[in-house]
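Let's take a friendly walk through this fold, starting with its strands and moving on to its helices.

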Amino acid sequence: AQAPLAGTRLSGQARHRVWGFEVYDAALWVTPGFSAQAPERSAFALELHYLRDFSARDIASRSITEMRRSGPLTPEQADQWQKALETTLPDVRKGDRLTGVNQPGQPTAFWLNGKSIGDIAGADFAKRFFGIWLAPQTSAPALREALLAGAQP
């Protein structure tokens with residue numbers, strides 16, 4: 001596997017399943033000094049290799065639902081982020097690789113199959129979006145544990 005962000009190393013990877021259906025393989029690439037307690041303070045890349053087809057609308061809707069696990073969103077914030085995700089993310093097909101890149105002080109960058117597809121600004125967005133996988137409140141704690149397996153405490 002090749003690092004999607006220069007200067008990173010693979011921290012962990014795992015397959016995500018929902019109700020027995022295989023959804024995607026996830027891999028977390030981290031920079032030196034990465035901390036699982038405050039991932040938003042470091043550069044990292046989260047790569048999802050899709051095992052099924054999904055529409056951008058479905059990905060965005062599920063993302064907002066999961067982002068709410070870290071705390072409430074105002075209706076305006078949820079609507080703004082939902083629209084930003086639907087505009088930025090594409091429909092994905094089985095075999096596609098969607099990568100989100102966090103670099104403190106910069107918008108969250110998104111890549112599809114190694115090509116830049118856009119970004120979404122805001123540190124709060126980045127923290128909540130990547131919290132879907134990395135926050136203690138994630139709906140997939142075993143996936144979180146596997147992704148963070150090689151990260152520093």
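## The sheet

Val18 has Phe21 as its bridge partner in S2. Strands such as this one (DSSP E runs of at least two residues) and helices (H or I runs of at least four) are numbered from the N terminus. S2 covers residues 21-30 and pairs with S1 in the antiparallel sense over nine bridges; two strands count as paired if DSSP finds at least two bridges between them.

The open sheet has six strands in the order S1-S2-S3-S4-S5-S6, with antiparallel pairing. S1 (9-18) and S6 (115-120) stand at the edges with a single partner strand each, so one side of each has no neighbour in the sheet. On average, neighbouring strands are turned by 20° against each other, direction ignored.

## A helix on the sheet

Helix H2 (residues 75-88) packs on the sheet, where it touches S5 (108-112) and S6. Contact here means heavy atoms within 4.5 Å. The direction of H2 makes about 170° with that of S6; axes are lines fitted to C-alpha atoms, for helices over the stretch in contact, and angles run from 0 to 180 degrees between N-to-C directions.

## Two helices together

H1 (residues 56-67) packs against H3 (residues 123-134) at about 100°, and their axes are 8 Å apart. H1 is therefore roughly perpendicular to H3, a label for angles of 65 to 115 degrees. H1 brings Ser63, Glu66 and Met67 to the contact, while H3 brings Phe125, Arg128, Phe129 and Ile132.

## About the model

This is a predicted model: local features need pLDDT of at least 70, side-chain atom pairs count only at pLDDT 80 or more, and totals for chains, interfaces and linings use all residues. Residues are numbered from 1 along each chain as its sequence is written, and side-chain values use heavy atoms, leaving out hydrogens and water.

How values were computed. Parallel < 35°, antiparallel > 145°, perpendicular 65-115°, else oblique.
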